[in-house]
Amino acid sequence: MLKNVFITIFSMTIISCGGVIKDISFETGDYLGTGYDEKEAIPEPSEEEEMSDVYEKATRWSYEELDKFLRTELEKKNFKIFHILKLLEEQENKDLWGNICIYLIYKTPQYAKIIKHNPQLISQFPFKIYVYEKNGRIIVGTFKPSTAIRYMGNLDTESIKALKELDLELKEIIDKIAK
């Protein structure tokens with residue numbers, strides 16, 4: 001009888017709390033068993049991190065100069081170029097803007113930190129820097145890597161910090177190229 005009363009009280013407590021039980025590791029007591037406290041998982045953005053999901057700038061370089069400069073700057077920051085897609089060479093429709101290229105890039109230490117707790121983010125890799133020509137100007141840009149935070153099933157500060165660091169590094173490279 002006492003057992004039934006306890007089960008009833010426990011059930012009512014869960015129902016009164018909205019019926020939601022968070023996935024908490026009973027061994028460690030931490031949220032989702034990540035080793036991170038849920039309250040500390042998402043750091044507040046600083047002013048230098050504030051940029052829209054897409055960041056792009058016009059450059060004064062020719063396509064060939066930009067390609068060389070971009071490769072050099074990526075290498076200085078220890079990014080690896082996985083592949084370069086040259087879209088107009090692969091498409092029949094030549095009415096698009098000229099010199100459309102996508103640089104597929106990655107950075108191994110950050111990559112490992114990010115997918116350690118969130119393997120589903122593999123779909124966000126490699127990161128992309130795109131280049132296209134519009135109205136006689138060469139544009140270089142990227143989708144900021146931290147947009148992947150929205151798809152994280154397992155919020156952990158190490159991954160979030162790595163993604164935001166990548167945002168700033170790619171922004172810095174684009175800003176340097178656009179000077």
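Start by selecting Asn 135, which sits in the loop between S4 and S5. This is a predicted model, so treat the stops below as a walk through a prediction. Colour Asn 135 and check its backbone: phi is near 55 degrees, a positive value in a residue other than glycine. Is Asn 135 buried or exposed? Show the surface and you'll find that Asn 135 is exposed, with a relative accessible area of 73%.

Now hop to Asn 78, in the loop between H2 and strand S2 (80-86). Asn 78 isn't a glycine either, yet its phi is positive, at about 65 degrees.

One more loop stop: pick Pro 126, found between H4 and S4. Look at the peptide bond running from Phe 125 to Pro 126; that bond is cis, with omega near -10 degrees.

Time to zoom out and switch to a cartoon view. Follow the chain along its sequence and the order reads α-β-α-β-α-β-α-β-β-α. Among contacts with a separation of 6 or more, 66% are between residues 24 or more positions apart. With the surface on, the protein exposes about 11600 Å², and carbon and sulfur atoms supply 56% of that area. Buried residues make up 34% of the 179 residues.

Next, head inside. In soluble globular proteins, nonpolar side chains tend to be buried together. Here, the largest nonpolar core has 29 residues; select Leu 70, Leu 74, Tyr 103, Ile 105, Ile 129 and Val 131, the ones that touch the most other members. Helix H2 (63-76), strands S3 (101-106), S4 (127-134) and S5 (137-143), and helix H5 (157-178) each supply at least two residues of this core. Which of them gives the most? That's H5, with eight residues.

Skipping neighbours within four places in sequence, its contacts include Tyr 63, Asp 67 and Leu 70, along with Ile 81, His 83 and Ile 84. Phe 127, Lys 128, Ile 129 and Val 131 are also in contact with Tyr 103.

For the last stop, show helix H4 (residues 108-117) together with H5. The two pack at an angle of about 145 degrees, their axes 8 Å apart, and the crossing is left-handed. On the H4 side, select Gln 110, Lys 113 and Ile 114; on the H5 side, select Glu 158, Ser 159, Ala 162, Leu 163, Glu 165, Leu 166 and Glu 169. Colour this contact by class and you'll see four nonpolar, two polar and four charged residues.

Notes:
Residues are numbered from 1 along each chain as its sequence is written. This is a predicted model: local features need pLDDT of at least 70, side-chain atom pairs count only at pLDDT 80 or more; totals for chains, interfaces and linings use all residues. Side-chain values use heavy atoms; hydrogens and water are left out. A nonpolar core is a set of buried Ala, Val, Leu, Ile, Met, Phe, Trp, Tyr and Cys residues joined through side-chain atoms within 4.5 Å. Buried means under 20% relative accessible area, exposed over 50%, partly exposed in between (1.4 Å probe, protein chains only). Helices (H or I, at least four residues) and strands (E, at least two) are DSSP runs, numbered from the N terminus. Contact means heavy atoms within 4.5 Å. Accessible areas come from the Shrake-Rupley method with a 1.4 Å probe; for residues, only the protein chains shown count as cover. Axes are lines fitted to C-alpha atoms, for helices over the stretch in contact, and angles run from 0 to 180 degrees between N-to-C directions. A crossing is left-handed if the near helix is turned anticlockwise from the far one by less than a right angle, and right-handed if clockwise. Ala, Val, Leu, Ile, Met, Phe, Trp, Tyr, Cys and Pro count as nonpolar, Asp, Glu, Lys and Arg as charged, and the others, Gly among them, as polar.
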